[in-house]
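I opened this notebook to record what I looked up in the structure shown below.

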Amino acid sequence: MTDQTGGEPLVLGIETSCDETGVALVRGDTLLFDAVASSMDEHARYGGIIPEVASRAHLEAMVPTIRRALGEADADLSEVDAIAVTAGPGLVGPLTIGASAAKALSIGLGKPLYGVNHVIGHAAVNQLVDGPFTERAMALVVSGGHSSLLLVDDIATDVTELGSTLDDAAGEAFDKVGRLLGLPYPGGPHIDRLAREGDPEAIRFPRGLTARKDQAKHAYDFSFSGLKTAVARWVETCQDAGREVPVADVAASFAAAVVDVLTAKTIAACRAHDVDTLVIGGGFSANSQLRDMAAERCAAAGIDLRIPPIRYCTDNGAMIAALGSAVVRAGVAPSDLDIGVDSSMPLTAITV
Ligand code: KG4
Ligand code: ZN
C-alpha cells in the first residue's frame with residue numbers, strides 16, 4: 001500500500017488495552033505525533049485497574065485524543081490510509097472501546113482496519129526510535145501484564161515466543177511486593193527508588209526457574225511468585241522478631257533477583273540464537289535496575305541494546321501505529337470488520 005500521493009502510507013494507531021488511551025500517527029518508521037490520556041489517577045485509590053472505570057475513561061477520551069493527535073501532527077482524517085488497533089491481549093471492556101472506535105473510523109473513511117497484538121507492539125515501537133530492525137532481533141517485553149521473550153525475524157510476519165512468565169509478570173511482582181512493603185500503588189516505581197538506596201546483596205532471594213532441572217523445559221521462562229513469597233516470609237520473620245524491616249535492602253535485593261533472571265535468560269537466548277540486537281520494551285523497562293544490569297551484561301556480551309525513552313515503554317498509541325505501519329507495508333491482509341477482541345491473544349498472532 002502507498003499513501004494517496006504514492007508515498008508511504010499514513011497509519012493511525014489506537015491503543016486501549018489497559019488504562020491508557022493512546023492515539024498516534026505514523027508514516028513509514030516516522031512518528032508524526034503520539035497523544036496519550038491516562039485514567040491511572042482514578043484507579044490508584046483501588047490498588048489496581050478497575051476495567052469498567054477504564055472503559056468509561058477510554059470512551060470519554062477517545063475523540064479528544066484522536067483530535068489532539070491529528071492536530072499536533074497537522075494531519076486531516078481524510079489523509080489516513082489505514083487504521084491499526086490493539087485486538088489483545090488486555091482487558092476486554094477497554095479493548096472493545098478501542099476496537100469500536102477503529103471500526104467506526106474504518107467504515108467512515110473507507111480505509112482498511114488492522115487488529116494487532118499489543119505485546120508485539122511493545123517491540124515494534126523501537127523502530128520509530130532507533131530505526132528499522134535490519135536483522136534478526138531479540139525482544140524482552142516486560143510490564144505489569146506480561147513478561148515475554150520474543151525472537152523477531154520479521155516484526156510484521158515472523159515472531160516466535162521463546163518464553164514467558166508462568167505466573168506473575170515482572171511489574172506485577174514489583175507491585176505485589178510494593179503492597180506488602182506498604183508502598184502506594186503501583187509499587188514498581190517506588191521499589192525502584194528505594195532499591196537505589198539499598199544493598200542488592202544484603203539478602204539472597206531465590207532466582208526462579210534457574211535450577212539445572214528447569215533448563216530443559218523452562219530455559220527462557222520466568223517465575224516470580226516464589227520470589228514474592230520468599231520476600232513476604234523474610235519480612236514477616238523480621239517483624240516477628242521485633243526488628244525494623246530494612247526496606248531499602250529488601251527492595252534492592254528483590255529487584256536484583258528479578259533483573260538477574262530477566263537479563264541472564266535473555267542474554268542466553270541471544271547467544272543460543274546468534275542474535276546481537278536486543279530490544280527491551282513494556283512499562284517495566286522504566287526500571288533502573290533492569291536498565292543498568294542489561295546495559296552492563298549486553299556490553300560484556302557484545303550485544304547492541306535498544307531501550308526506548310520511558311514514554312514509549314509504557315502503553316501508548318505509537319506502538320500500535322508502528323506495528324500497523326510494518327504490517328501494512330508487508331502487505332498483510334486487513335482484518336475483517338467483525339473481529340472481536342481477545343484478552344489473552346497469543347503471541348502466535350501478530351494480527352487478527
Ligand atoms: O506497560 P505498562 O504501563 O502497563 C502494562 O501493560 O502493564 O506497565 C506498568 C507496570 C506496572 O506494574 C508498574 O509498576 C511497572 O510497570 N513499572 C515499574 C517501573 N515503572 C513502571 N516497575 C519497576 N520499576 C519502575 N521504574
Ligand atoms: Zn503493555
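Which residues of helix 11 are buried? I found Ser288, Gln289, Leu290, Met293, Ala294 and Cys298 to be buried in helix 11. Buried means under 20% relative accessible area (1.4 Å probe, protein chains only). Helices (H or I, at least four residues) and strands (E, at least two) are DSSP runs numbered from the N terminus.

I noted the conventions: this is a predicted model, in which local features need pLDDT of at least 70, side-chain atom pairs count only at pLDDT 80 or more, and totals for chains, interfaces and linings use all residues. Residues are numbered from 1 along each chain as its sequence is written, chains are lettered from A and ligands numbered from 1 in the order in which they are written, and side-chain values use heavy atoms, with hydrogens and water left out.

I next looked up what covers the buried residues of helix 11; the cover includes helix 7 (188–195), helix 10 (247–272) and strand 6 (137–142). Gly302, with a positive phi near 70°, follows helix 11.

I then turned to the zinc ion (ligand 2). Its protein donors are His118 (NE2), His122 (NE2) and Asp315 (OD), 2.1 to 2.2 Å away. Donors are N, O and S atoms within 2.8 Å of the metal (3.2 Å for Na, K and Ca); water is not among the atoms, so sites may look incomplete. Along the chain, I read the donor spacing as H-x3-H-x192-D. His118 lies in helix 4 (residues 118–124) and Asp315 in the loop between helix 12 (310–313) and helix 13 (317–329), so the pair ties together parts 197 residues apart in sequence.

I recorded His118 as buried at 1% relative accessible area, and Asp315 as buried at 13%.

Note on methods. Buried < 20%, exposed > 50% of the residue type's maximum accessible area, 1.4 Å probe, protein only. Contact = heavy atoms within 4.5 Å.
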